[in-house]
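Subject: Structure handover and notes

Dear colleague,

Please find the structure below, followed by my notes on what was found in it. I would be glad if you could read the notes with the coordinates open beside you.

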Amino acid sequence: MSRWNYLRVGGLAALTEAAIYVAGIAYFLVILDFASVTGALQQVELFVANETSLYAMYLLIYVVFGIVLVALVLALHEHLKADAPMLMRATTAFGLIWAGLVIASGMIASLATGVVVDLYSTDPTQATTVWLAVSPVIDGLGGGNEIIGGLWTLLVSVVALRTRALHRLVNYFGLVVGTAGIISAIPALGEIGGGIFGLTQIVWFVALGVLLLGAGRREASAYLREE
C-alpha cells in the first residue's frame, strides 16, 4: 500500500473519532441526561429503560472507537517515524495500548449492562451492587482516567514538533490536549482534566484529519506526476 493511502486512512480515522466523541456526548448528556442521575439505583433504572440503545452506544464509543484508533495510530506511525524512529515507536506503543484498553472497557460495559438489566427484574438491590462493583473497572480502563490517551496525544505532538510535521499550531494544541488527559489521573483534577481532554480532543482529531487528508492528496498528486 502506498504511503498516501495510509495518510487518507489516517485522516478518515481521525474524523471518525471526532464524530464518535460528539455522538457519545450527545447521547449521554442530551438524550439520556446522564449527568443529572446521581444514585447507582437511578443509573441502573436508566439502563433498564434504554438497554438496546445503550448497548449500541457502548459498542460505538468504546469498541468501534478503539478499532478506528488502531488505524489512526498506525497511519501516524507511518507518517512520523522517519525522523524520530525510537520516540515514534514508544508513541505508537502507547497508542495501541490505549486502543486495547478502550476496546476492553467497552466489552466489559456491554456485558455488565446486560447482567445488571437481567438482575434488576428479580433483585434491584443486587443489580445495583453489581453495577457499583463493575463501574470502577470500566472507568479505570477507558473513561475515568485518560492518562494513556493523554500521553499518546502528547507524544504525537512532540514528535510532530521535532520533525516539523503536521502544523505547528495543531501540535501545540495537542500538547494542551495531552496534558489535560494526563492531569485526569490526579483524583482532585480528574473530572476537570477528563472533561477538557474529551472536548479539546474533538477539535484535535478534526484538525488532524484535515491535515492528513491534505497530505494524502499531495502524496497522491506527486505519485501520479511521477508516473
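In what follows, a residue is called buried when its relative accessible area is under 20%, exposed when that area is over 50%, and partly exposed in between, with a 1.4 Å probe and protein chains only. Please keep in mind that this is a predicted model, in which local features need pLDDT of at least 70 and side-chain atom pairs count only at pLDDT 80 or more, while totals for chains, interfaces and linings use all residues. Residues are numbered from 1 along each chain as its sequence is written, and side-chain values use heavy atoms, with hydrogens and water left out.

Overall fold

The protein has 8 helices and 0 strands, where helices (H or I, at least four residues) and strands (E, at least two) are DSSP runs numbered from the N terminus. The radius of gyration is 19 Å, close to the 17 Å that the globule rule gives for 227 residues, so the protein is as compact as a globular protein of that length; the radius is taken over C-alpha atoms, and the rule is 2.2 Å times the number of residues to the power 0.38. Along the principal axes, the C-alpha atoms fill a box of roughly 70 × 35 × 30 Å. Of the 227 residues, 44% count as buried, and the protein exposes about 11200 Å², of which carbon and sulfur atoms supply 67%; accessible areas come from the Shrake-Rupley method with a 1.4 Å probe, and for residues only the protein chains shown count as cover. Among contacts (heavy atoms within 4.5 Å) with a separation of 6 or more, 78% join residues 24 or more positions apart.

Annotated spans

An unreviewed UniProt entry carries the annotation "transmembrane region" for residues 12-35, 55-76, 96-120, 140-162, 169-190 and 196-215; the positions are given in the numbering used here, feature names are shortened, and such annotations may be inferred rather than shown by experiment. In the model, the span 12-35 is 83% helix and 0% strand, and its end C-alpha atoms lie 31 Å apart. The span 196-215 is 100% helix and 0% strand, with its end C-alpha atoms 28 Å apart.

Surface features

Ile-25, Leu-29, Val-30, Ile-31 and Leu-199 form a nonpolar patch on the surface, with about 490 Å² of accessible area together. Patches are made of residues with over 30% relative accessible area and no salt bridge, with like charges joined within 9 Å and nonpolar side chains (Val, Leu, Ile, Met, Phe, Trp, Tyr) within 5 Å. Helix 1 (residues 3-31) gives the most to this patch, with 4 residues, and Ile-25, which lies in that helix, is partly exposed at a relative accessible area of 30%.

Side chains of opposite charge can pair when their charged atoms come close. A search of the whole structure finds 1 salt bridge, meaning a side-chain nitrogen of Lys or Arg within 4 Å of a carboxyl oxygen of Asp or Glu. The side chains of Glu-78 and Lys-81 meet in it, at 3.3 Å from N to O. Glu-78 is partly exposed, with a relative accessible area of 25%, and Lys-81 also counts as partly exposed, at 33%.

Individual residues

Which residues does Thr-113 contact, leaving aside its neighbours within four places in sequence? They are Phe-47, Leu-54, Tyr-58 and Trp-131; Thr-113 itself lies in helix 4 (residues 85-120) and counts as buried, at 3% relative accessibility.

Leu-141, in helix 5 (residues 124-142), is partly exposed at 25% relative accessibility. Not counting residues up to four places away in sequence, Leu-141 touches Leu-101, Val-102, Ala-104, Ser-105 and Ile-108. Leu-141 and Val-63 are 78 residues apart in sequence and 12 Å apart in space, C-alpha to C-alpha.

Finally, the loop between helix 6 (147-163) and helix 7 (168-183) holds Arg-164, whose phi is near 55°, a positive value in a residue other than glycine, and which is exposed, with a relative accessible area of 77%. Leu-166 is placed in the loop between helix 6 and helix 7 and has a positive phi of about 55° although it is not a glycine, but Leu-166 is partly exposed, with a relative accessible area of 23%.

With best regards
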